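Subject: Structure handover

Hello,

I am passing this structure on to you, with notes on what was found in it. Please look at the sequence and the model first, then read on.

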Amino acid sequence: MKAVLSRVSRASVTVAGAVVGAIEGPGVLALVGVHRLDSDDDVATMVRKIAELRLLDGEVSAQDSGAPVLVVSQFTLQGRTAKGRRPSWSEAASAAQAEPLIDAVIAGLRERGLAVEQGRFGADMQVESVNDGPFTLLVDTRGN
């Protein structure tokens, strides 16, 4: 599982002209892509990283500060670009496999007491954010 985590002052997701998820910062925007070999262990690691990484101002985590999190599924994070000009999606999980794992990440964050908003899985989404810092990290549970 890969995620791009950004410290934001605000972020939102719009689908078909309607806002489906939004946070006012400081907060964390988590773009999350599921690998075809990901499991519950990857979910647990990702939840821990999103909640506990000290990426907010003053080196505090979302969990420590009670900052909101916006989770957006983004399979393109699993794209491979080593050959040619067209990314390969062979490492990305199928929608049937990925959606429950994304839901588990969201549930895990909520179980930790975090306020979580989300995009709409599989939808054509417009994601807007104001990156604060800028501060952005790449998290990869597979260590790649």
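Helices (H or I, at least four residues) and strands (E, at least two) are DSSP runs, numbered from the N terminus. Before going further, note that this is a predicted model, in which local features need pLDDT of at least 70 and side-chain atom pairs count only at pLDDT 80 or more, while totals for chains, interfaces and linings use all residues. Residues are numbered from 1 along each chain as its sequence is written, and side-chain values use heavy atoms, with hydrogens and water left out.

The sheet

Strand 1 (residues 2–15) and strand 2 are paired in the antiparallel sense over 13 bridges; two strands count as paired if DSSP finds at least two bridges between them. A11 stands opposite I23 in strand 2. The two strands make a hairpin with two residues between them. A16 is found in the loop between strand 1 and strand 2, and its phi is near 50 degrees, a positive value in a residue other than glycine.

Strand 2 and strand 3 run parallel and are joined by five bridges. Here L29 stands opposite L70 in strand 3.

Taken as a whole, the sheet is open, with five strands in the order 4-3-2-1-5 and mixed pairing. Strand 4 (116–118) and strand 5 are at the edges with a single partner strand each, so one side of each has no neighbour in the sheet. From one strand to the next, the twist averages 30 degrees.

Two cis peptide bonds are worth noting. One joins G25 and P26, with omega about 5 degrees, and P26 is in strand 2. Another joins G133 and P134, with omega about -5 degrees; P134 lies in strand 5.

Helices on the sheet

Helix 1 (residues 40–52) lies across strand 1, strand 2, strand 3 and strand 5, and runs at about 80 degrees to strand 1. Contact here means heavy atoms within 4.5 Å. Axes are lines fitted to C-alpha atoms, for helices over the stretch in contact, and angles run from 0 to 180 degrees between N-to-C directions. Helix 3 lies across strand 2, strand 3 and strand 4, at about 160 degrees to strand 4.

Aromatic pair

The search of the whole structure gives one aromatic pair. F75 and W89 form it, edge-to-face, at 5.2 Å centre to centre and with 70 degrees between the planes. Both F75 and W89 are in the loop between strand 3 and helix 3, 14 residues apart. Rings of Phe, Tyr and Trp (its six-membered ring) pair if their centres lie within 6.5 Å; planes under 30 degrees apart count as stacked, over 60 as edge-to-face and the rest as tilted.

Pocket and cavity

The largest pocket holds about 340 Å³ of space. It has 20 lining residues, and those closest to its centre are S73, Q74, F75, G122 and M125. Strand 2 (18–33), strand 3, helix 3 and strand 5 (125–140) each give two or more residues to this lining, and strand 2 gives the most, with three. By class, the pocket lining has twelve nonpolar, six polar and two charged residues. Ala, Val, Leu, Ile, Met, Phe, Trp, Tyr, Cys and Pro count as nonpolar, Asp, Glu, Lys and Arg as charged, and the others, Gly among them, as polar.

On a 1 Å grid over the protein atoms alone, a pocket is an open set of points with protein on both sides within 12 Å along at least five of seven lines, a cavity is a set where a 1.4 Å probe fits but cannot get out, and lining residues have an atom within 4 Å of a point. Grid points are joined across faces, edges and corners, and a volume is the space filled by probe spheres set on the points.

One cavity of 30 Å³ or more is found in the whole structure. The largest cavity has a volume of about 60 Å³. Strand 3 (69–73) and helix 3 (95–111) are the elements that give two or more residues to its lining. Among the residues lining this cavity are V71, V72, I102, I106, F121 and M125. The cavity lining has six nonpolar, three polar and two charged residues.

Regards
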